[in-house]
Structures are given as structure tokens and as C-alpha cells.
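Okay, hi everyone, thanks for having me.

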Amino acid sequence: QTYLSAPRLPILVPALVPGLVIVFALCVYPLTLAILASVEGETGVTFERYIAFLTDRASYAPLLRTIGLALATTVVSVVISIPIAYAARTSRWLGTVLRLLVALPLAVPVLIAGYALTLFFSTNGLFNNVLVRVLGILEDPLIISYTWGGLVLACVWRFFPYTGLLVISAITALERNLENAAASAGANPLQTFFRVTLPVIAPAALTGGVLTFVNTFGTFSIPLIMGGSRSSEVLSVIAYRKIAGQFDWPAASTIVVVMAIVQIATLVVLRSAIERWAGRR
């Protein structure tokens, strides 16, 4: 009987170098520049910008709005991914079609997606024309574009695939014998889902939720185009306006660092939750 041994360090290091270089160039280096710019003062290092950001009540609304947008998008994505995943496992061809449809938004650039969704959901757009003029369901068009609900809807469409694809794979790979055994023991479909299916797919759903949260939290183009005067005031748009309108790079860097801290904290908390959930199984 043979066993696969772990790669030795001399072999492992060269294999890790390209990935470490990419992480440093795309993550560590830009974030380091942002940190240095945010603490740069006339006489040396200063934390006045962070103190001003944290003590200014005007900063709380954009921060909470950004977190709320990311959380709402994540929750909606997880909820709608489950019935889609159940439908995907009914047959192979339907599963293939649903996977393609779910992954389709990833092929559309974010800027184009924001602009297209704004036109699609506008008062004279295709969505309202079908409801009002074709089907006659509504008398007046719905106001979706440039609203908070429209912004959440656009973010769900764009960032849902990160959750949907993982949940579809998890439910498709789930052994139906487990569900059949629970049903044989007297569990109804709802009890089977919460006691058997959900614990199995939870790591995939949480992982996909993390990806959806992080991408929504840092999105820029969709809030800038799809959001209204207030709903577009998320941290990424404010940082852009600090640079484009005021040329205030230190203030923009402070906002970027705060966003990075929130995202990293979210990743750490949810990762520990995934590990605890997996450990209890």
C-alpha cells in the first residue's frame, strides 16, 4: 500500500512564488501605499484622518449603507440560490442550462452591467413596458432605477453567481440517500432540509456568501450608475469623488483602508464560522 507524501519545501517554494508575487503586486503593495498616504502628515505620521472619519457622524451613514448593501445582496443571493440549486439537480440538461444562466453575469463587465440594468429597469425600459403595455399588470411603471431597491437588485444580479454556483454544486453533489433516510425516519421536507441538507451545504453557502459580500462591498460602477442621490453614497463612490473632485488622495486612502479593514474582518469572522460548522459535522 502506497501513500502520497506532502511536497518537500524545496519543491513547494518555487511553486508558491508566482502566486505570492501576484498577491503582493495586486493586494499588499497597493494597500501599503494607501496606508502610507492615509497617515502622511506635514510633520510625520498622523492618525488625524482616521479620528476625523470615526468621529464624524456624516461618515456613519455611508459606512452603514455600504455594509447594508453588501449584507442585503448576500442574504438575497443565498436565499434564491437554494431553490435554483434544487431545480438544477432534477435533470442534467436543466442543471447545465441553469449553471450557464447563473454564470452569465460574470461575463458582463461591471460598468456595462450597471448601465444596462439602469436602462432595463427605467420607467420607459423593457421591464416596465412589458408589465404596463404588454401584459397590462400595472397601470403605472415601477420606479426601480436610482433607488435603493434597484441598487440591491442590480448588485444581486451581478454578484449572485459567486453564491449560486457553489450552492448548486453542493446540492447537486449531495447524496439523496441522506434525505431519503431522514424521510424514512419520519421527517417532513422542511425538517429534512434544516437537519440534513442545510448542514451539508452550509460551508458552500457561507463561502459563496463571503465572495458575494466582499465583491458587493467594494463595488463602484453599479452604485455610481444605478444608485440615486442618496443610495449611491457608498464608501467606494465617496473615495472616488475625493480623488476626482477634490484631489484629496490622503482622505480617499483613509476610506480605502477602512473598507479593507471591514472586508478582512468579515473574512476572518465568516471563515471561523465555516470552520466551526464543519467541525460540528
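A quick word on ground rules. This is a predicted model, so local features need pLDDT of at least 70 and side-chain atom pairs count only at pLDDT 80 or more, while totals for chains, interfaces and linings use all residues. Residues are numbered from 1 along each chain as its sequence is written, and side-chain values use heavy atoms, with hydrogens and water left out.

How many helices and strands does the protein have? Twelve helices and zero strands. Helices here are DSSP runs of H or I with at least four residues, strands are E runs of at least two, and both are numbered from the N terminus. Read along the sequence, the pattern is α-α-α-α-α-α-α-α-α-α-α-α. The C-alpha trace spans about 75 × 70 × 30 Å along its principal axes.

Of the 281 residues, 35% are buried. Buried means under 20% relative accessible area, exposed means over 50%, and partly exposed is in between, using a 1.4 Å probe and protein chains only. Now contacts, meaning heavy atoms within 4.5 Å. Take the ones between residues at least 6 apart in sequence: 71% of them join residues at least 24 apart.

On to helix packing. Two packed helices are described by the angle between their axes and the distance between the axes. The axes are lines fitted to C-alpha atoms, for helices over the stretch in contact, and the angles run from 0 to 180 degrees between N-to-C directions.

Look at α7 and α9. Their axes come within 8 Å and cross at roughly 165 degrees. Which way do they run, roughly parallel or roughly antiparallel? Roughly antiparallel, because the cut-offs go like this: under 35 degrees is roughly parallel, over 145 is roughly antiparallel, 65 to 115 is roughly perpendicular, and the rest is oblique. The crossing of α7 and α9 is right-handed. Among the residues meeting here are Cys155, Phe159 and Tyr162 from α7, and Ala204, Gly208 and Thr216 from α9.

Now α8, residues 176-184, which also packs on α9, at an angle of about 140 degrees with the axes 10 Å apart. That makes α8 oblique to α9. This crossing is right-handed too. From α8, Leu178, Glu179, Ala182 and Ala183 meet Thr192, Val196 and Thr197 in α9.

Next, the cores. A nonpolar core is a set of buried Ala, Val, Leu, Ile, Met, Phe, Trp, Tyr and Cys residues joined through side-chain atoms within 4.5 Å. The largest one has 28 residues, and those with the most contacts inside it include Leu69, Leu151 and Cys155. Helices α3, α4, α7, α9 and α10 each supply at least two residues of this core. Which helix gives the largest share? That's α7, with eleven residues. Apart from this core lies another, of 17 residues, including Ala70 and Val257.

Some single residues now. Threonine 216 sits in α9 and is buried, at 1% relative accessibility. Leaving out residues up to four places away in sequence, threonine 216 touches Leu69, Ala70, Thr73, Cys155 and Phe159.

Threonine 66 is in α3, residues 60-88, and is also buried, at 1%. Beyond its neighbours within four places, threonine 66 contacts Phe217, Val234 and Leu235. Methionine 259, in α12, counts as buried at 7%. Setting aside residues up to four places away, methionine 259 touches Phe217, Gly218, Leu235 and Ser236.

Tyrosine 146 is a curious one: it isn't a glycine, yet its phi is positive, about 65 degrees. You'll find tyrosine 146 in the loop between α6 and α7.

Last bit: cysteines. A disulfide is a covalent bond between the sulfur atoms of two cysteines. The test used here is a pair of cysteine sulfur atoms within 2.5 Å, and by that rule the count is zero. As for where cysteines sit, cysteine 155 is buried at 0%, whereas cysteine 27 is partly exposed at 46%.

Technical notes. Left-handed = near helix turned anticlockwise from the far one by under 90°.
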